[in-house]
Number of protein chains: 2
Amino acid sequence: MSSSRTPTLALIQMNCSSSAEENLKHALSQIDEAVKKGANIVVLPELFLGPYFCQRPDDKKVFDLAEAVPGPTTQVLSEAARKNKIVLVGGSIFEKAAGKFWNNAPVFGPDGTLLSAYRKTHIPEDILYHEQHYFAPGDTGIQVIETPFGKICPLICFDQWFPEVARIAALKGAEIIVYPTAIGVIDDEVEENITGNWQQMWTNAMLGHAATNNVYVAGINRIGREGAMSFWGGSFIADPSSHILSIAKDKEEIVMATCDLDRVKALQDAWMFLKNRRPDQYGDLTKPVQNG
Amino acid sequence: MSSSRTPTLALIQMNCSSSAEENLKHALSQIDEAVKKGANIVVLPELFLGPYFCQRPDDKKVFDLAEAVPGPTTQVLSEAARKNKIVLVGGSIFEKAAGKFWNNAPVFGPDGTLLSAYRKTHIPEDILYHEQHYFAPGDTGIQVIETPFGKICPLICFDQWFPEVARIAALKGAEIIVYPTAIGVIDDEVEENITGNWQQMWTNAMLGHAATNNVYVAGINRIGREGAMSFWGGSFIADPSSHILSIAKDKEEIVMATCDLDRVKALQDAWMFLKNRRPDQYGDLTKPVQNG
């Protein structure tokens, strides 16, 4: 039913067990299910092949799980995209390349081509989120990918908190920004009176990107309990006016919405945020970070 | 009751009649009312001295209303700040200086000192928002002002849609960003099926700034019908986790909330968004705007 300008987007909110084989198999069956329901674009969560291993800062064995991109997992995902004639954002994969390690979101076209392999730009380092022990800061830059179902920009999890890269995506013509994610609350670490409601803040950050850039925005989270973390799900699709079209509950679920991509340019032309920017006033944004 | 680190913020959501004298008098009485209720910081709406004249693109007589900053209106506002021992953000004023015209938000300290005079950076030009016919693009840069009640950054209305300047405010140490505003829906121009719910989008844009910068954010709108526009009010104060503490309805109202400014650094330290920025990746943000 969907034409290339009104694709149906599907987010696979899933549990991730300790078996990579099982997780991949489960992801493939969920992709098939989404396609049966009419999906043209399917997005998996971040690092969906296993538990969120960055809870531990020093698990040397984890590095054995890293793989090449393209490599064995992307080969399977490529086949799933080709078979179903969809655009597939393969969540993200723990990538090893030339002795370095990255958090990589591969995007496949409907003919199975690997269209891009974005490396996560912003890497957190925090209690139970020890990603700087595992991933180098991304070096690919922000990638906006022309697909038969619109211009898609993959960003990954912690990138959500940086309006800088959402804006760059919009400037490069993105119509849909997707954020494969692994985020949850931490036992004993949630002082809600100080830090507030994490899921609300996470949702609002991305709704802000939709509102200020007039693009579709989707967050795709895992669900379930792993060690001391409870991943909250809450995957959602927002339209270019920041209205939530569809949102998941706290269980496994396929979140779907049809996106009218012509609304992106219609809203951008109506509000003229991109046109009325003042880059001469933004010099502070590119100054090195002051630590301390 | 409030100490300097837990100031009470008050937003004056008001109607603006055709009499500048009446509007100023009304604003002063609302300031007094807010102070009676415990306000330490009071913010007026954008261009509160009169109707939103930018509905018309070519009203030459309007330029006669422009005044110097400091000038007659800031003198009165200064006295109101001094008398009440508050920080006062004087909405914004149509400023004339050296033959040019600006949209200027003056900020006064509790001793009446004019601490800063920020000129609106982003100027819209749209149906019934013909601001580029009246205001030059601001040349003051983003100003974060050290006051006895915290570090405050005044931005103005259309600046709301530019996460660039909210981020710069946070990088400069802002604890509270305030947006004096004049925004409403336009008769016959609202195609909600395309452009969505304007107020929701407006609110979400600012909640996004709160979430991604972990600062207090306040939008202060006028209310009422003027010509073909209906200003929606909806003034609100959000905390550094983007939770709305207080929000106005569609009538005249003083919106108040107590701000625990130490939560700003607590959340910024907990989430580390500012620390983990990648300015080397943000070069596209400072490239000149491509029109077309």
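A:Pro70 is placed in the loop that links strand E2 (41–43) with helix H2 (72–84) in chain A. The structure discussed here is a predicted model. The peptide bond leading from A:Val69 into A:Pro70 is cis, and its omega lies near 0°.

Chain B has a cis bond as well, running from B:Val69 to B:Pro70 with omega near 0°. B:Pro70 occupies the loop between strand E2 (41–43) and helix H2 (72–84) of chain B.

## The interface between the chains

Chain A contributes 63 residues to the contact, and chain B contributes 63 residues. Together the two chains bury about 5400 Å², with 61% of that area on carbon and sulfur atoms. Within chain A, the residues that lose the most area to chain B are A:Met201, A:Trp271 and A:Leu285, which together account for 13% of what that side buries.

Six salt bridges are found between chain A and chain B. A salt bridge joins the side chains of A:Lys172 and B:Asp284, with an N to O distance of 3.9 Å.

Several elements of chain A each supply at least two residues to the side that touches chain B: strand E7 (125–126), helix H3 (163–171), helix H4 (192–195), helix H5 (198–213) and helix H6 (262–271). H5(A) provides the largest share of that side, ten residues. By residue class, the side of chain A that touches chain B comprises 28 nonpolar, 24 polar and eleven charged residues.

## A three-stranded sheet in chain B

In chain B, three strands form an open sheet in the order E10-E13-E12, with antiparallel pairing. Strand E10 (184–186) and strand E12 (223–226) of chain B are the edge strands; each has a single partner strand, so one side of each lacks a neighbour in the sheet. From one strand to the next, the twist averages 15°.

The pairing of E12(B) with strand E13 (residues 229–232) of chain B is antiparallel and extends over four bridges. Here B:Glu226 is positioned opposite B:Met229 of E13(B).

## Two hairpins in chain A

Strand E5 (residues 100–108) and strand E6 (residues 114–119) of chain A run antiparallel and are joined by five bridges. Across this pair, A:Val107 faces A:Ser116 of E6(A). The hairpin has five residues between its strands, and A:Gly112 adopts a positive phi near 90°.

Strand E16 (residues 236–238) and strand E17 (residues 244–247) of chain A are likewise antiparallel, joined by three bridges. A:Ile237 is located opposite A:Ser246 in E17(A). Five residues separate E16(A) from E17(A) in this hairpin, and A:Ser242 in the turn has a positive phi of about 75°.

A:Ser242 lies in the loop between E16 and E17 of chain A. Although A:Ser242 is not a glycine, its phi is positive, at about 75°.

Notes
Residues numbered from 1 in each chain as written. Chains lettered and ligands numbered in written order. Predicted model: local features only at pLDDT ≥ 70, side-chain atom pairs only at ≥ 80, totals over all residues. Heavy atoms only, no water. Contact = heavy atoms within 4.5 Å. Buried area = accessible area lost by both parts, 1.4 Å probe. Salt bridge = Lys/Arg side-chain N within 4 Å of Asp/Glu carboxyl O. Nonpolar A, V, L, I, M, F, W, Y, C, P; charged D, E, K, R; others polar. Pairing = 2+ DSSP bridges. Axes fitted to C-alpha atoms, helices over the stretch in contact; angles between N-to-C directions.
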